[in-house]
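Please read this briefing alongside the sequence and the model.

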Amino acid sequence: MKIKVVNKSPYALPEYQTEHAAGLDLQANIEESWTLQPMERRLFPTGLYIEIPAGYEAQVRPRSGLALKHGLTCLNAPGTIDADYRGEVGVILANLSTQAYEVAPGERIAQLVFAKYEQISWEKSDALSETSRGSGGFGSTGDKP
């Protein structure tokens, strides 16, 4: 699938880092380092503008290494970019650690994954079909408390 992209950053377009990677790494399009204090969140620009085909979305997701090593994550994850959005791709990055973290210009801060979806139409009903699970949720399938 081809995706139209306008790159207003000084960095190369995102690339897959391995042969079977699902996500492309997004970079912080900032001119100088930004420090994220513990429990702080901030919208990072990427300089990328994309045209997604109808029936697809782009999902902004955290990078596992930043999450494990530094407590950084993306809020609203996965963040959905709809096919009719034409603004800049942004990353809402949050620092959940107890230490400040300095994000450098061009640092890989999130992943972008493209996914197919279908829109639905509602069918009003007075009842739903029965299943063995029923209304059990939030650990009802055997998770230990």
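The points below describe a predicted model.

Residues are numbered from 1 along each chain as its sequence is written, and side-chain values use heavy atoms, with hydrogens and water left out. In this predicted model, local features need pLDDT of at least 70 and side-chain atom pairs count only at pLDDT 80 or more, while totals for chains, interfaces and linings use all residues. Helices (H or I, at least four residues) and strands (E, at least two) are DSSP runs, numbered from the N terminus. Two strands pair if DSSP finds at least two bridges between them.

**Sheet S1-S4-S8-S6**

- Four strands form an open sheet in the order S1-S4-S8-S6, paired antiparallel.
- Strand S1 (4–7) and S6 are the edge strands, each pairing on one side only.
- From one strand to the next, the twist averages 40°; axes are lines fitted to C-alpha atoms, for helices over the stretch in contact, and angles run from 0 to 180 degrees between N-to-C directions.
- S1 and S4 run antiparallel and are joined by four bridges, with isoleucine 50 in S4 as the bridge partner of valine 5.
- Six bridges link S4 and S8 in the antiparallel sense, and tyrosine 49 has glutamate 88 in S8 as its bridge partner.
- S6 and S8 are antiparallel over three bridges, where leucine 72 stands opposite asparagine 95 in S8.

**Sheet S2-S10-S5-S7**

- A further open sheet of four strands has the order S2-S10-S5-S7, again with antiparallel pairing.
- Strand S2 (24–27) and strand S7 (79–81) are at the edges with a single partner strand each, so one side of each has no neighbour in the sheet.
- The twist here averages 35° from one strand to the next.
- Strand S5 (residues 56–61) and S7 run antiparallel and are joined by three bridges; alanine 58 has isoleucine 81 in S7 as its bridge partner.

**Nonpolar core**

- A nonpolar core is a set of buried Ala, Val, Leu, Ile, Met, Phe, Trp, Tyr and Cys residues joined through side-chain atoms within 4.5 Å. Buried means under 20% relative accessible area, exposed over 50%, and partly exposed in between (1.4 Å probe, protein chains only).
- The largest nonpolar core has 24 residues, of which Leu26, Phe44, Val60, Val91, Leu93, Val103 and Ile109 touch the most other members.
- Elements giving two or more residues to this core are strand S3 (34–36), strand S4 (41–51), S5, strand S6 (72–74), strand S8 (88–95), strand S9 (101–103) and strand S10 (108–116).
- Beyond its neighbours within four places in sequence, valine 103 is in contact (heavy atoms within 4.5 Å) with Ala28, Ile30, Ser33, Trp34, Phe44, Leu93 and Ile109.

- Arginine 63 lies in the loop between S5 and helix H1 (64–70) and is buried, with a relative accessible area of 18%.
- Not counting residues up to four places away in sequence, arginine 63 touches Asp25, Arg108, Ile109, Ala110 and Gln111.
- Lysine 69 is in helix H1 and counts as exposed, at 66% relative accessibility.
- Lysine 69 and valine 5 are 64 residues apart in sequence, and their C-alpha atoms are 31 Å apart in space.

**Largest pocket**

- On a 1 Å grid over the protein atoms alone, a pocket is an open set of points where a 1.4 Å probe fits, with protein on both sides within 12 Å along at least five of seven lines; lining residues have an atom within 4 Å of a point.
- The largest pocket holds about 290 Å³ of space, a volume being the space filled by probe spheres set on the points.
- Its lining includes Met1, Val5, Leu26, Ile50 and Phe114.
- S2, S4 and S10 each give two or more residues to this lining.
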